[in-house]
Amino acid sequence: MKFSLATVAVAALATQAVADSWFGNAGRLAYNKWHETELERWLSDNNIPYPTPADRKDLQDLVQKNWEDNVVKPYNKWDTNQLQNYITSKGKEVKKGTEKNKDNLVQQVQGYWTETVDQTNEAWLKVEGWIFDTWTESQLKAFLDYHDIPNPSPRTRDSLLHTARSNYQKAATKAGETFAYPGDWLYQQWSDSDLKAWADERGVPVPQPGNRDKLIASIRRNSKIASDRAKANLASASASAASAQHSLSDQLIDSWSDSELKAWFDKNGIPVPQGSKRNELVALARKNSNRFGNSASSAYGAATSSAGNAYAQVTNDAYSQLRFAYDWALNNFGLASAEAKASLSSASSVASKSLSSASSVASVEGGKSSKQASKSLSSASKEASKSSSSLSKSAASASSSVKNEL
């Protein structure tokens, strides 16, 4: 069989592309760059026996062999309670009759699992991106203080988290410690009760006997999962707040008369086609509502997104969303009576507290066992909904007052 030069060239390029892809992905695996101490630590944390002494290749091969079941698909190692908790955290029900059937529960979890292999590997290349996510504000501050890292100003959870992430590798290097798969040094400021509380709150089985080394190993092993779950719960809370804001703004627009709508258009420099009917005026107002909602959001401080901090972002975003009607009626329309202003201010305060509470609950509860977290978030969502309803009624009252003043 004869091959043309072109055929040989294409085959060579294809072979090289496959090789580059395979070796490129292999090169991106986090454990390929781990210190031998980190390889041994990971194997020990996951209860995988390894020979001693062992050379680096033997350790790395062992990690590679067990990486998928423990990191890419960690649910393969979960007990039935953890599997059930994950299913309910996704808003799903465990199939009747499978509550104690681990193989069946694993199949159900696999159907709801969304993280890809590449996403998992990317996350493990920089653990500082998520290792601090479930830490409290006081724990973050203690970490900075212990490593002589200046506290940020203003000192908020968001700024503390950002500072801890930014200085993580520097602190480890200064202390002569590894950071790719961190040792016990990272939890040096945590008491034994802190360690146990973290595990209990997130439904993570506490090793028996619960000595300190085993507790820290359990936290290391479950921190990525806890971070992912907390972020998912916060995203759900944020979506609920956004939905409430949308409904609220629509109700406010619907409550205005044609003259009120036109006055608002004039005040904000929005051209109105001559002869527009009411449904066209309402549609135009809704089209432009986001424009002024964003303005109100920035006026009250948009959420910081430094270092991908989901917690502070949800808190401030939810606050600004429910504050939208208040800012719109008072700042942009500017015609509400003093009584209506007071009513709106009161309702806005209630909404702000409720959404702040919702985010706080999500931040702390997000990592707890899924059933408990789900109940907490559901309760917070109901409170936010009540506040939204209250704010909507107050907005209608303000609109009524405007009519009397025009």
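This is a predicted model: local features need pLDDT of at least 70, side-chain atom pairs count only at pLDDT 80 or more; totals for chains, interfaces and linings use all residues.
1. Lysine 224 and its polar partner. The side chains of lysine 224 and aspartate 228 are joined by a polar contact of 2.8 Å. Lysine 224 sits in helix 10, which covers residues 212-255.

2. Burial of lysine 224. Is this residue, lysine 224, buried or exposed? Its relative accessibility is 8%, so lysine 224 counts as buried, the cut-off being under 20%. Beyond the neighbours within four places in sequence, lysine 224 is in contact with Glu115, Ala123, Trp124 and Trp130.

3. Helix 2 against helix 3. Two packed helices are described by the angle between their axes and the distance between the axes. For helix 2 (residues 36-45) and helix 3 (residues 56-72), the axes come within 10 Å and cross at roughly 40°. Helix 2 is therefore oblique to helix 3. The crossing in which helix 2 passes helix 3 is left-handed.

4. Residues at that contact. Helix 2 contributes Glu36, Leu39, Glu40, Trp42 and Leu43. On the helix 3 side they meet Arg56, Leu59, Gln60, Leu62, Val63, Asn66, Trp67, Asn70 and Val71. How do the residues of this contact divide? Eight are nonpolar, three polar and three charged.

5. Asparagine 70. This residue lies in helix 3 and is listed among those that meet helix 2. Asparagine 70 is buried because its relative accessible area is 12%, against a cut-off of under 20%. Which residues does asparagine 70 touch, leaving aside neighbours within four places in sequence? They are Trp42, Asn46, Ile48 and Lys77. Of these, Trp42 belongs to the helix 2 side of the contact.

6. Glutamine 64. Glutamine 64 also lies in helix 3. Here the relative accessible area is 45%, so glutamine 64 is partly exposed. Asparagine 70, by comparison, is buried. Glutamine 64 and asparagine 32 are 32 residues apart in sequence, yet their C-alpha atoms are 9.0 Å apart in space.

7. The chain as a whole. The protein chain has 16 helices and zero strands. Of its 406 residues, 45% are buried. Lysine 224 and asparagine 70 both count as buried. Among contacts with a separation of 6 or more, 62% are between residues 24 or more positions apart.

How values were computed: Residues are numbered from 1 along each chain as its sequence is written. Side-chain values use heavy atoms; hydrogens and water are left out. Axes are lines fitted to C-alpha atoms, for helices over the stretch in contact, and angles run from 0 to 180 degrees between N-to-C directions. Helices (H or I, at least four residues) and strands (E, at least two) are DSSP runs, numbered from the N terminus. Angles under 35 degrees count as roughly parallel, over 145 as roughly antiparallel, 65 to 115 as roughly perpendicular and the rest as oblique. A crossing is left-handed if the near helix is turned anticlockwise from the far one by less than a right angle, and right-handed if clockwise. Contact means heavy atoms within 4.5 Å. Ala, Val, Leu, Ile, Met, Phe, Trp, Tyr, Cys and Pro count as nonpolar, Asp, Glu, Lys and Arg as charged, and the others, Gly among them, as polar. Buried means under 20% relative accessible area, exposed over 50%, partly exposed in between (1.4 Å probe, protein chains only). A polar contact is a pair of N or O atoms within 3.5 Å; within protein, one must be able to donate a hydrogen and the other to accept it, and residues adjacent in sequence count only if both atoms are side-chain atoms.
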